[in-house]
Amino acid sequence: MQSSVVNRTTDTTGLAPMYNEKFRPQAHFTPPEKWMNDPNGMFYLDGEYHLFYQHNPNASVWGPMHWGHAVSRDLVHWEHLPIALYPDEQGTIFSGSAVVDWNNSSGLGTKENPPIVALYTYHNPELEKAGRIDFQTQAMAYSLDKGRTWQKYAQNPVVENPGIRDFRDPKVMWHEGSKQWIMALAQKDHIGFYSSENLKEWKLESTFGENMGSHGGVWECPELILMPIAGTDEYRYVLLVSIMPGGPNGGSATQYFVGDFDGKNFVLDDTWQQALAQTPAEFPEGTVFADFEQEINDWHTKGDAFNGGPTAGSHGAQPMPEGFEGQHLINSFKDGDLSTGSLTSPKFLIEKPFINFKLAGGQHTEKVGVNLLVDNKVVMSATGKNRNILRNVSWDVAAYEGQHAQLQIIDYETGGWGHVLVDQFVFSDHPARNQIEPAVWLDYGTDNYAGVTFFKAPNSDEQRHVFMGWMSNWLYANEVPSSNFRSAMTLPRELILVNSNHGLRVKSKLAKEVYKLKQQETGLKTLTAGDSLIVKEAVGKRSNTASIFSFNIDSKNNPISSITLANDEGESIGLVIDTKANVVKLDRSLSGKTEFHSEFGSTQHALLNYEGDEISVTVVADRGSVEVFIDDGLTVMTALVFPKSVYTTLKTNDDTTEIHSVLGARLASIYANK
């Protein structure tokens, strides 16, 4: 059965934007206006790449989700189409995927005109407000005109919620071995694999990940991909999993796993099993200062956030916090995120070298968290990670032994995640530790999240695994200083599975289509310490367009390369490639606007993976971003920046011996004709 056709032909954005705002990237996909996050439903058919995306057409902050839509024939120039999927009585439209049902297994089209079938998550905000945990279900829509218009399936949902709060983001693939469709679905802290013969009826086959990979946040936006190992006739399955928070440099990021899949179970390769083995958490015994199981009348309260003392778990419809001990904890969600105040302990003498405690809630430095006061001054502090799962925190207070101190719990934030969760202050001889959860990251930068690849039918003329991700981070996505639009997608990348010095790894190689935008290219054979290469503005309809630099490093003779990318206003990013320590550092403290979030200007770190002595580096700098590809994408870092103008100068710093084969160019604006 079918429901009514969703066929909107009017431009929902009002007046056509100029695509020339101060921080509007000129080489990246962006929405015409308002809010965008995760890429959704990406598929390739008949020479067209279809990109759908999470979209709030009413504001430049996250809100009721729709599926925006655009198409491209070259992955760089995009035609915006009307919104594809709108919220309805079952909920708003969260992330999902789309497939070309080339054999009409669903029966929704014909073999001559196979349907495009989208699987997406319904998010029912009314059920969520009522305190239910089953407010996310999986639904289906389909198109009979190659993705231009969509009909929602009348029998939605096609996957009911089994009682899991975070139950979303279906990504569907065709599994040739078992001749069936496979759905990877994020289920709180693991992935569920479902099978179907017709895309309408789904069966849970197995789960993966409960004890593997990073669990610093909720798992989201998975994808299972069958990939050849470059240079061999072997194949492996790669499982992409986005996590929020818990990324290697804070906030959201994407990890991945390599193994095999038989149509039912995903099994990690043996070397990955060993590399991802976890180390349990430790919370040492000691002197319990406060476990919050009794009244705390000797603590001093200000404001209304902590009135009433310890909380028996959660307040009202608040999700139950996890990781606290006993029956009670400190929980400032009393009136949602609106209540504010502080809770200060009586004075105590520091007699042990460590203060250990459990903490969760919002990540708001100096506004939400716990402070240690000595002589009424804050000497140590900790904040949450935008989670309701309490983690262990340990302060080394040996330097303050013999002094009197106080503990202060604070909540002075009324926006999102404006609350704190605290339990178990224990004075100990040993530090508490969190569980060590090794992970392998697709991109070590802060700003590549929820990315997936374009689905292609088995007989497709597109054989690459082309990837695009949301270029932002949930730490600050709603606060970045763009004007009438928010967010861009990463440049398209080809994912390639290779044997590296670290074992099987996924390269993110900049798509060849990007290089066709190059103009005004210049180069130098070498740059020695203190030298610069400047790329001039190209003559055209747009100024302040993106720049692209490439160079090579001889790791034997130049083990540490320190590079600066700068603009004429003195703003810059620093890039250090250290082959001795196998680390890459990206410093955006001087990159431009950073004050909108306390952690935006921090230095990011990546594990350096490369092959051979010669290391290639490509850097793309746009009006709002920097993307770094090392050794053809074996190590990648993507980071937002907000400078007054694009970085057009590449400079080697004084501690760098030499880089060579240096090239620089501008990238033509993809919006030049707008």
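Strands (E, at least two residues) and helices (H or I, at least four) are DSSP runs, numbered from the N terminus. Two strands pair if DSSP finds at least two bridges between them.

This is a predicted model, in which local features need pLDDT of at least 70, side-chain atom pairs count only at pLDDT 80 or more, and totals for chains, interfaces and linings use all residues. Residues are numbered from 1 along each chain as its sequence is written, and side-chain values use heavy atoms, with hydrogens and water left out.

Start with a hairpin. Strands β8 (residues 136–143) and β9 (residues 150–153) run antiparallel, joined by two bridges. Tyrosine 142 faces glutamine 151 of β9. Six residues lie between the strands of this hairpin, and lysine 146 takes a positive phi near 60°.

Next comes an open sheet. Its five strands follow the order β5-β4-β3-β2-β32, and the pairing is mixed. β5 (79–85) and β32 (485–486) stand at the edges with a single partner strand each, so one side of each has no neighbour in the sheet. Strand β4 (residues 66–72) pairs with β5 in the antiparallel sense, over four bridges. Histidine 69 has leucine 81 in β5 as its bridge partner.

An unreviewed UniProt entry carries the annotation "domain: Glycosyl hydrolase family 32 N-terminal", covering residues 28–273 and 430–503. UniProt positions are given in the numbering used here, feature names are shortened, and annotations may be inferred rather than shown by experiment. The table describes both spans.

| Span | Distance between end C-alpha atoms | Helix | Strand |
|---|---|---|---|
| Residues 28–273 | 37 Å | 4% helix | 52% strand |
| Residues 430–503 | 36 Å | 0% helix | 28% strand |
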